[in-house]
Each structure stands twice: as structure tokens, then as C-alpha cells.
Amino acid sequence: MGPLWVAVGFSLLAVNANPLTPLQTHYLAQAHQVLTRSGYQPRQLSILQFSRNNPSLYRPAFHTRPVSTHTLAASGEDTSNDQAQPESKSLGNKIQEIGKPLKSWALMGAIAAATLAFPVPTGVEPSGWKLLAIFLSVVVGTMVSPLPVGALCLMAVALSSATGVLTIGAALKDLSSPNMWLVVMAFFIARAIIKSELGTRIALHFVQRFGQRSLGLAYCMTAAEFCLGPAVPSVTARSGGVVYPLIRSLAETFNSTNASPESARRLGSFLTLNAFQVSAITCGTFATAMATNPQILQFANGILGSMSLQTITPGLWLSASFLPGIINLAVLPAFIYMIHKPTITTTPEAKEMAQGGLKSLGPMKKNEKIVLATVLAMLFAWIFDGKIPGFHISSTSTAFCGVSLLLLTKVISWSDVLSEKGAWDTLIWLSVLSSIADGLRQKGVIAFFAAKIAAIFAASGLPTGVAFAALSAIYVYSHYIFASIGAHVAALYVSFLTVSISLGVQPLGAALMLAYLSSVMGGLTHFATGAAPVMFGSGYVTLKEWWRVGFFASLVNLSIWAVIGGGWMKLLGFL
């Protein structure tokens, strides 16, 4: 599925454009190239007719036949590595396709059966132990993927409510949570930024000013990611749909493709690894930069509120994260450059490429201005909520107002809202996982495991700071077994926060540090975040190298957040 996600990333920049601009058709051409070279044969895609004399001008012509290598050959593209899609599959392949999901279901069933085989611990409701079996099987299901996560969560609702483990109301409790709808609104805001081409324009301006060297290009993309972070709360849309297509275009400008390891190492693999790693840090710096952050806020504020302590707002989140986040983003590109140095170190053509892209975009359009004004207004409301006398509006209400304005001005249409499948899919699985996790808390399961872990650390005799550091490291590196940050947070955040508080760590500081680390761990694997399939699926980086860079980068990131972040929070009185 990797190449398909790459194609989606390129196609996002050509959404609903009629007629297509030269820049948009360039990205759509990239999508065709990735699909065709990877063996995909889309049945209904626009075949781009290229002009040899003026390759920057494309004329879209729509057909209902599969994309052929002859079309790309007519454009001068190298099709020597193209592979034909087999028309039929052997019986052995069909058996393997059937057997794979059966093994996945068997593993999920075995996990549930093994959980139920243990006696119900003292203090845990019997229904809570059954709910744990369902929850663990769903978490394993997110790793082995017999069905999409949303479908697995839908089945979890059916099973838990039909067996009386949870009422249907409890299973769907968080479906009406304001934080969940903030996530949904985030997808619509991202659609507006991408559709209006405002995100592309911002990134190209950075490249034009600072992109004379390969390391400079990496810092340009880092700056673009950072600036878009608070405004595009979907890492998939931001990093995969806006930043990555620009990286791919930059790499191919310098003849760096995925055709061979040598070609990829020229520039593409370095820019890809850098973009992926800095996206994780951006997610931790801003409360609005990742879809899971509102879920973390809900968990953290539930515990802090029950203790009558100060809760976390987006502004408070940023006040503690800004310094370590900025330093981390300043260090990370140089570190990746050191351990994965590209063979091209100077990039004088990048400025010319950015100028060409900006020329193709033309003057700032009406929709871009509307989106920019809307995003700035939302940022103002999110930052100064409650800080100005008489001014108070919830984060979710702000997002609803922003999306309403985008609909009213027709920057996005209702069809755009309905077609944003990722938003509705995320609403289902995120709200169900959150509801089940809350059910585990209410039935004593979380408290049981928290007490066990706390007892282990208490018996160790470790100082509070050392124990919290060890607990934080376990929290981060356990992400190797999770296929999404949302599932990881739903499974472990509350229990690890509870244990941290029991060890004597200040509740607010523990909640914030674990919240930041929930994003930092997103740089470990090729399936760690929503942007990972887009970037890894491009083929620029091998699996071994992806994991190697991810691990060593995590050591740098953890050191910065523990030492600088911890010291900064202590200075602020949070830790």
C-alpha cells in the first residue's frame, strides 16, 4: 500500500482543481508515475498528455482505460523498471491471501483467550477483565490488520455491548466528546489549506530563501513543518500531503529517485528521513498539531481535574514545550545529516525550482487569503482563550467557527466535508478506543496495573527522578509494538500517568512530559504515525535504515526533552 499512499500524497495537491494549474498537474503526474511503477493500474485516472517542447505545461485528458507505460514513455519518463500487473493470481497466492487474515484473527482470539484464562484480580470487576480481553485483541488487531482499525473498533462496540461488558451508551460515550470533534474539524481545516494551495506557497517561500544547500533544504522543510504545525492538526495531511510532495519534487530535481540506493542517497533519503523525524517533534510542540493530542488532553485533564489541580490548555502546553521543541528542531536536521549524509551537499537549483513553483502559483488568491485569515483568527482564539477578560471560547467551538467560515466563503464545499473519509474514520476508532479505555479505568483495570508497576518501581528503591526517567523510556520504546499513537495513548497513557504520580512526580509535569513523549515516540518506526506510510512507502529509505535512524534520533530527542524540557518545566514550576 506504500506507493498508493505516496500517490495520494501527490494527488492531495491537485484536489478539486478545474482547470488544473501547471503545478497541480505536476503533482498529479508524480502520482501516476508512482502508481504505474509500483504495479498499480488505476481504472479511472486522468492521463496527462505531456509536451516534449514544454514539459511544464500539461493538458489533462480523462479516459477510463488503465494507465499504461506507453503514456509515461511518451512523456520521456523511464519505464524500464515498470512491472505489469498480473491479470490472474495462482491458487497458492489466493490461499496465502485467505490464510493471512485467518492467522490474524487466530492471534487476536488467542490474546483474548489468554487474558480470560487468568483469574480476575482483586479490585477489578469481572466485566472489566472481559473488557480488557476485547481491548487487547483490538490493539493486537491494529498491528496485524485483518481489517481496518475503524472496522475493528466497530466490532468491539458490538461485542462489548452484546455481552453486557459495556452498555451501548458507555461504548459510544466519547463519540459526543468535544475533543473528538476537534479532531474531525482538524481534517476539514487541513483540506482547506491543501485545496487553497496556501501550504504549498508557504513551503516554497522557505525553499526560495534558504535552500542553497542540502542541509539548508532540510531546515527549510523543518521550518515549513513547524509553521504549519499549529494550523494543520493532522500530521498525515501536513507532512504527507503538503511537505512530502515538495520533498519528492526537490529530490527528483537533483536526479535522486528510488530506482537504486545510490540514487536515493543523493538527496531523497536524507530529506525523507528528516521530514519524518521533525514531524514527530512538531506534533509534540503544539497541542493542535496531532489528532491524538486532544485525546491526551482529555485523559490528562480527567485525572488532574479529579485531583482539583490545574488542567492543561493549548496555551499552557505550548509554554512548556516551546523551548525544548525549538531546540530539538534545531538539532535534529544536523544530527540526521551526520548519520545519514546525502551525497549531494549543495543545491543551487532549489531556489530556481521554488521560484518556478511560486510563478506557477501566481499571486496569492482569494481563497488563500481567506484560509490564512481564518487560521490566524483560530490561533488567536486558541492562544488567548481565557487570557483576555471576557474572552472565552472553547478550542472545539473555535474550530467549528473556522470551518463554518470556510464553508460560508466556499473555500471548501459540503462535498469536501462528506468526502473526508479520514475524519469520519478517525472519529469512530478514536472515540471507541477512548470510551473503552475509560471503561477499563472505571472498572478498576487501569488502577490494578498501575499499582503493580508502581510496586515494582517502589521496591526498586530508585529516586523519584530516576524512576520517572525509566518509566518514560519504557513508555516511549513500547511504541515498537503499536501501529498508531492513538492506540498507544489509549492503552498506556492513563496507567503510566497514574504510576508517575504515585512515585511522587508532580501531576502536571508528569502529564505534560508523557504528552510530549507521546509524539516523540512517533519517529521510531515506519508505521508509527499517519505520515509514515506516505514517506516510507516512497521507497527512498530501506526498512533497516529507517529503524536505525529512528532509534538513534530517539536517543537525541529523549535527551533534549528530559534535560532541557525537564529543566524548563521545573523552572516554570510544573515539575
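Which residue forms a salt bridge with Arg201, and how far apart are the closest N and O atoms? The partner is Glu368, with the closest N and O atoms 2.6 Å apart. The model is predicted, so local features need pLDDT of at least 70 and side-chain atom pairs count only at pLDDT 80 or more, while totals for chains, interfaces and linings use all residues. Residues are numbered from 1 along each chain as its sequence is written, and side-chain values use heavy atoms, with hydrogens and water left out.

**Salt bridges**

- A salt bridge here is a side-chain nitrogen of Lys or Arg within 4 Å of a carboxyl oxygen of Asp or Glu; the count by this rule is 9.
- Arg201 belongs to helix α9 (residues 198–210) and Glu368 to helix α17 (residues 366–384), so their pair ties together parts that are 167 residues apart in sequence. Helices are DSSP runs of H or I with at least four residues, and strands are runs of E with at least two, numbered from the N terminus.
- Both Arg201 and Glu368 are buried. Buried means under 20% relative accessible area, exposed means over 50%, and partly exposed lies in between (1.4 Å probe, protein chains only).
- Arg191 and Asp416 also meet through their side chains in a salt bridge, at 3.1 Å from N to O. Arg191 is in helix α8 (residues 178–196) and Asp416 in helix α19 (residues 414–419), so this pair ties together parts that are 225 residues apart in sequence.
- Arg191 is buried at 13% relative accessible area, and Asp416 is buried at 2%.
- Asp438 and Arg441 form a salt bridge of 2.8 Å, N to O. Both lie in helix α20 (residues 421–442), 3 residues apart, or about one turn of the helix.
- Asp438 is buried at 13%, whereas Arg441 is partly exposed at 43%.
- A network of salt bridges links Asp438 and Arg441 with Lys173 and Asp174.

**Aromatic pairs**

- The structure holds 19 aromatic pairs. Rings of Phe, Tyr and Trp (its six-membered ring) pair if their centres lie within 6.5 Å; planes under 30 degrees apart are stacked, over 60 edge-to-face, and the rest tilted.
- Phe448 and Phe449 form an edge-to-face pair, 5.1 Å centre to centre with 70° between the planes. Phe449 is partly exposed at 35% relative accessibility.
- Phe536 and Trp546 have ring centres 5.4 Å apart and planes at 80°, so this pair is edge-to-face. Phe536 lies in helix α25 and Trp546 in helix α26 (residues 543–572), so the pair ties together parts that are 10 residues apart in sequence.
- Phe536 is partly exposed at 22%, but Trp546 is buried at 1%.
- Tyr477, Tyr480, Trp547, Phe551 and Phe552 are linked into a cluster by ring pairs.

**Thr529**

- Thr529 sits in the loop between α24 (507–520) and α25 (532–536), and counts as buried at 13% relative accessibility.
- Apart from neighbours within four places in sequence, Thr529 is in contact (heavy atoms within 4.5 Å) with Val235, Phe276, Ile485 and Gly522.

**Cysteines**

- A search of the whole structure for disulfides (pairs of cysteine sulfur atoms within 2.5 Å) finds 0.
- Cys283 is buried at 2% relative accessibility, while Cys401 is partly exposed at 47%.
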